[in-house]
Amino acid sequence: DLFAGAPWEPTDPYSSQLAEVPPQDLIDTATRLESSALEADKRIRAVEYAICEYGESSRLIANTLGLHVEEKSNMMLALSLARASEQDSLKRGFEVWKGRDFNTLDAARIGTEAARKATDMLGARSIKSGSYPVVLDKEAAASLLKTFLPVFFGDKIQQGFSMLGSKVNQLIASPAVSLVDEARCTSSFYQPAFDSEGVPTAGTRLIDQGVLQGFLHSRKTAAKAGISSTGNGFKPSWKAGIQVSATNSYLVPGRQTRETLLSEMGNGLHITELTGLHAGTNMVSGDFSLSAEGFYVENGSRVYPVDQITVAGNFYEMLRHIQNTGNDLYFGMPGGGQVGSPSLLIEKLSISGQ
């Protein structure tokens, strides 16, 4: 059982084939990212970013008590940011790929998808304020979850910055919601074998079908709680102190496609982007008020793009109103571990528009 804990075992976060990709191939990929976006639609006026980059790192922890663990990892990232305009409307579209298999990097698809996202939003307009059913797209859902994920961290629990401290074994979300932290998640390129304290990583169930199971811990927070570390004590840099952090924390995907979720919703909003996540969220209360973009949906089909709206709600309440999860698990950009989510069908959220 992955979630039962295990002695340290190395993962395989390094690809020697990826390390041997010639620099010229990266240059050619970046060029293709740009050209494919420009060729996708005449309304693409520019490609603001076309990046293909490679990086690798190594970690070694040793002490005089016999601890000696080490690993090496690498990854590649490719992204395209396209800008489209038509009449008085200007929109941007962003697409990213990250992984260790260069053969699966499709630069033409990435550029074309960035262009599509930009042109799809041209002509967006606001809608009337009200309470709407929402399909929160995977990327928007992952960014929102990353903002509030610290409420499941042992240090935030002990500091009083989370409302979940006394709710273990209680129902805090709908039965459609399961949340895990899984270091060896094969859907993510980030697979650390140990944390910054040398503790083996494994997996931790945070929510199981709506029921709160526990929290993520470092050695310090675990000792204070009278339990063992979950292997989530990490340093954001070599000179920083230990902090509780995710490995791969994600909402477990369901079996429905995004299109099926839209059909199940019927009429409502498909929110594809959230902005203002730092200024517009309160981790302690769970409240959020965020600028959003997306599409108005009728009878399960996207009718027209929507912008100049604000979506407001409460993270804890939103967990209770998630009706279904998609099968399109997506992990956001690296930083503080990997946080992922599929698309989510939410019963209702408050929208401020016209």
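Which residue in β11 is the bridge partner of valine 135? Select histidine 270: this residue in β11 is the partner. Before going on, note that this is a predicted model, where local features need pLDDT of at least 70 and side-chain atom pairs count only at pLDDT 80 or more, while totals for chains, interfaces and linings use all residues. Residues are numbered from 1 along each chain as its sequence is written, and side-chain values use heavy atoms, with hydrogens and water left out.

**Stop 1: around β11**

Show strand β4 (residues 130-136) with strand β11 (residues 268-275). They pair in the parallel sense over 3 bridges. Strands here are DSSP runs of E with at least two residues, helices are runs of H or I with at least four, and both are numbered from the N terminus. Two strands count as paired if DSSP finds at least two bridges between them. β11 and β12 pair in the antiparallel sense over 7 bridges. Pick isoleucine 271; glycine 294 in β12 stands opposite.

**Stop 2: the core**

Select Leu136, Phe152 and Leu269. These residues have the most contacts inside the largest nonpolar core, which has 49 residues. Such a core is a set of buried Ala, Val, Leu, Ile, Met, Phe, Trp, Tyr and Cys residues joined through side-chain atoms within 4.5 Å. Buried means under 20% relative accessible area, exposed over 50%, and partly exposed in between, with a 1.4 Å probe and protein chains only. Elements giving two or more residues to this core include β4, β11, β12 and α8 (315-320). α4 gives the most, with 5 residues.

Zoom in on leucine 136. Beyond its neighbours within four places in sequence, its contacts (heavy atoms within 4.5 Å) include Ala141, Leu144, Ile271 and Leu344.

**Stop 3: helix α7**

Select α7 (residues 258-265). Leu261, Leu262 and Met265 are buried here. Look down the axis: the buried residues of α7 fall within an arc of 100°, so they line one face of the helix. The arc is taken from the directions from the helix axis to the C-beta atoms. Their cover includes β4, β13, β14 (322-325) and β17. Step just past α7 to glycine 266, which has a positive phi of about 85°.

**Stop 4: the six-stranded sheet**

Colour β7-β6-β5-β10-β16-β15 in that order. These 6 strands form an open sheet with mixed pairing. The edge strands, β7 (211-212) and β15 (330-331), each pair on one side only. Isoleucine 207 has leucine 212 in β7 as its bridge partner. Helix α4 (residues 138-148) lies across β5, β10, β15 and β16, at about 130° to β16. Axes are lines fitted to C-alpha atoms, for helices over the stretch in contact, and angles run from 0 to 180 degrees between N-to-C directions.

**Stop 5: the three-stranded sheet**

Move to β1-β2-β3, an open antiparallel sheet of 3 strands. β1 (44-62) and β3 stand at the edges with a single partner strand each, so one side of each has no neighbour in the sheet. 11 bridges join strand β2 (residues 68-86) to β3. Serine 85 stands opposite leucine 90 in β3. Helix α3 (residues 107-120) lies across β1, β2 and β3, at about 150° to β3.

**Last stop: serine 89**

Serine 89 is found in strand β3 (residues 89-99). Is serine 89 buried or exposed? Serine 89 counts as buried, at 15% relative accessibility. A polar atom of its side chain lies 3.0 Å from the backbone nitrogen of glycine 123. Not counting residues up to four places away in sequence, serine 89 touches several residues, among them Ala84 and Met121.

Terms used: A polar contact is a pair of N or O atoms within 3.5 Å; within protein, one must be able to donate a hydrogen and the other to accept it, and residues adjacent in sequence count only if both atoms are side-chain atoms.
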